[in-house]
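Here is a short briefing on one protein model. Please look over the sequence and the coordinates before reading on.

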Amino acid sequence: SNTHHIQFGSEDVRESRARYQRRVAELRDQPDLGRSHGSARTELAYGFACNVDLGDRSLRVDLPRAEGGSGTGPHPGQLMRASLSACLAMGYRAWAARLDIPLDDVALEMCCEYDERGQLGVDADTSIGWQCIGWTTTLWSSASDSELERLVETTHRLSPMLANLAPSVTREFELRIVRTAHAIDANASLATGTTDPRCGSV
C-alpha cells in the first residue's frame, strides 16, 4: 500500500530538524551539556517478578511461567529487543527529518539467536546472551535508493542502542524499500548493505 504516513505528533519535520540544529549548535558551544546519565531502581515483588522504577514511569518485568515466573510482564530479552527495535525505528524517523529525506512510514522485524547452554553454564565455550541479531527494515518513501541508504547508514552508525551491543554479536540486516505515490518507480525494491559479506550495513 502507498498510503503509509508517519504521524509526527506534536512537531512536524521542519520543527524536528530545527530542534536538532539548535541542539547541535548548543553542544558545539558547550560540550558539557551533552553529558548525562540514566538510572533505574529495581525491587523483587514476588518470585521472579520485578518492579522497575524509571523515575517518570514504572513497569513490571517477569519471567514466563515455563521458566519459573508468573508471566506478569515482559522478560528482559523482550525488553532488550523492544528497546533496540524501537530505537532504530525512532532513529530512521529522526534522521530522515535531519537529513531532509522524505519518509512516509517505517516497519521493523527483529530476531535474536542465542544458546541457553551459555547462560546456564553447561558449556564454557558457548557464548552467553545473544549470538546473532537480525532485522529487516521496511521504509515507505519517495526518496532515491542512495538517499535511503544514507539514511540507514547514518541511523545505524549513530544508534546508541546498537552501540551498546557487544562486538561479538553478529549483525544481519536487510532493507526493503516501498515506493510511495511520488516515486518514479511504484514497485518495491530491495537493497542490502555491503559492510560485511554476510551482514548488511549496520
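This is a predicted model: local features need pLDDT of at least 70, side-chain atom pairs count only at pLDDT 80 or more; totals for chains, interfaces and linings use all residues.

Residues are numbered from 1 along each chain as its sequence is written, and side-chain values use heavy atoms, with hydrogens and water left out.

**Confidence**
- The average pLDDT (the predictor's confidence in each residue, from 0 to 100) is 87.
- 84% of the residues score at least 70.
- Residues 183–202 stay under 50 in pLDDT. The model has 42 contacts beyond four places in sequence for this stretch; a contact means heavy atoms within 4.5 Å.

**Nonpolar core**
- A nonpolar core is a set of buried Ala, Val, Leu, Ile, Met, Phe, Trp, Tyr and Cys residues joined through side-chain atoms within 4.5 Å. Buried means under 20% relative accessible area, with a 1.4 Å probe and protein chains only.
- The largest such core has 25 residues. Leu 84, Tyr 92, Ile 133, Trp 135, Leu 139 and Leu 151 have the most contacts inside it.
- Helix H2 (76–98), strand S4 (105–114), strand S5 (130–141), helix H4 (145–157) and strand S6 (170–179) each supply at least two core residues. Helices (H or I, at least four residues) and strands (E, at least two) are DSSP runs, numbered from the N terminus.
- H2 gives the most to this core, with 5 residues.
- Beyond its neighbours within four places in sequence, Leu 84 touches Met 110, Trp 130, Ile 133, Met 161, Leu 162 and Leu 165.

**Helix H2**
- Buried residues of H2 include Leu 84, Leu 88, Tyr 92 and Trp 95.
- Their cover includes helix H1 (13–29), S4, S5, H4, H5 and S6.
- Just after H2, Asp 100 takes a positive phi of about 60 degrees.

**Helix H4**
- The buried residues of H4 are Leu 148, Leu 151, Val 152, Thr 154, Thr 155 and His 156.
- They pack against H2, S5, helix H5 (160–163) and S6.

**Thr 126**
- Thr 126 sits in the loop between helix H3 (116–119) and S5.
- Thr 126 counts as buried because its relative accessibility is 9%.
- Its side chain makes a polar contact with the side chain of Asp 123, at 3.1 Å. A polar contact is a pair of N or O atoms within 3.5 Å; within protein, one must be able to donate a hydrogen and the other to accept it, and residues adjacent in sequence count only if both atoms are side-chain atoms.
- Leaving out neighbours within four places in sequence, Thr 126 contacts Asp 115, Arg 117, Gly 118 and Gln 131.

Terms used:
Buried means under 20% relative accessible area, exposed over 50%, partly exposed in between (1.4 Å probe, protein chains only).
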